[in-house]
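Biologist: I would like to learn how to read a model like this one. Could you walk me through it, feature by feature?

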Amino acid sequence: MRDKVSAKTHRSTRNQDLARLILSLNRMLRGWANYFRYGVSKATFAAIDAHTWARLMRWIRRKYAGKARMGMPEFRRRFCDVGWRVAHQGVAFTGTSTVSVKRYRYRGGSIATPWAPTPATASGG
């Protein structure tokens, strides 16, 4: 997943709109996280979000740099809405944080096995 994020935020992709890039990253990460949400994956989700945020931040700073590189205070003022959440034109970066991690519940003996005989139903005869 890190390679896919890096490919989407490569320097050759700076010609696209920031809102479209954020939307594309959100969709890709949400789909990936929905597939892997049943395992022990919260730490992995946090690592992917941190990597994606850093790549997105560097992509924005290089795309919108003027005569000098954009500093972090200016980056936060222009491209962050709540805290350090990146947002542009109403589209905010959510990453994998919107997906809740669920564990498989223990079902114990309620799982039917194909080898166990089924109980005979009472017939009225």
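**Reading a helix pair**

Modeller: Let us begin with a contact: Trp 53, Met 57, Ile 60 and Arg 61 of α3 meet Met 72, Phe 75 and Phe 79 of α4, where contact means heavy atoms within 4.5 Å. By class, this contact has six nonpolar, no polar and one charged residues. Here Ala, Val, Leu, Ile, Met, Phe, Trp, Tyr, Cys and Pro count as nonpolar, Asp, Glu, Lys and Arg as charged, and the others, Gly among them, as polar.

Biologist: What should I keep in mind about the source of the model and its numbering?

Modeller: This is a predicted model, in which local features need pLDDT of at least 70 and side-chain atom pairs count only at pLDDT 80 or more, while totals for chains, interfaces and linings use all residues. Residues are numbered from 1 along each chain as its sequence is written, and side-chain values use heavy atoms, with hydrogens and water left out.

Biologist: At what angle do the axes of α3 and α4 cross?

Modeller: In general, two packed helices are described by the angle between their axes and the distance between the axes. The axes of α3 (residues 42-63) and α4 cross at roughly 95° and come within 11 Å. That makes α3 roughly perpendicular to α4; angles of 65 to 115 degrees count as roughly perpendicular, under 35 as roughly parallel, over 145 as roughly antiparallel and the rest as oblique. The axes are lines fitted to C-alpha atoms, for helices over the stretch in contact, and angles run from 0 to 180 degrees between N-to-C directions.

Biologist: In which order do the elements run from the N terminus?

Modeller: The order is α-α-α-α-β-β, with four helices and two strands in the chain. Helices (H or I, at least four residues) and strands (E, at least two) are DSSP runs, numbered from the N terminus.

Biologist: How many salt bridges does the structure hold?

Modeller: Side chains of opposite charge can pair when their charged atoms come close. The structure holds two salt bridges, each a side-chain nitrogen of Lys or Arg within 4 Å of a carboxyl oxygen of Asp or Glu. One joins Arg 78 and Glu 74 (3.3 Å, N to O). These two are four residues apart in helix α4 (residues 72-79), so about one helical turn separates them. Arg 85 pairs with Asp 81, with the closest N and O atoms 2.7 Å apart.

Biologist: Is Arg 78 buried, partly exposed or exposed?

Modeller: Arg 78 is partly exposed, at 38% relative accessibility. Buried means under 20% relative accessible area, exposed over 50%, and partly exposed in between (1.4 Å probe, protein chains only). Glu 74 is partly exposed at 33%.
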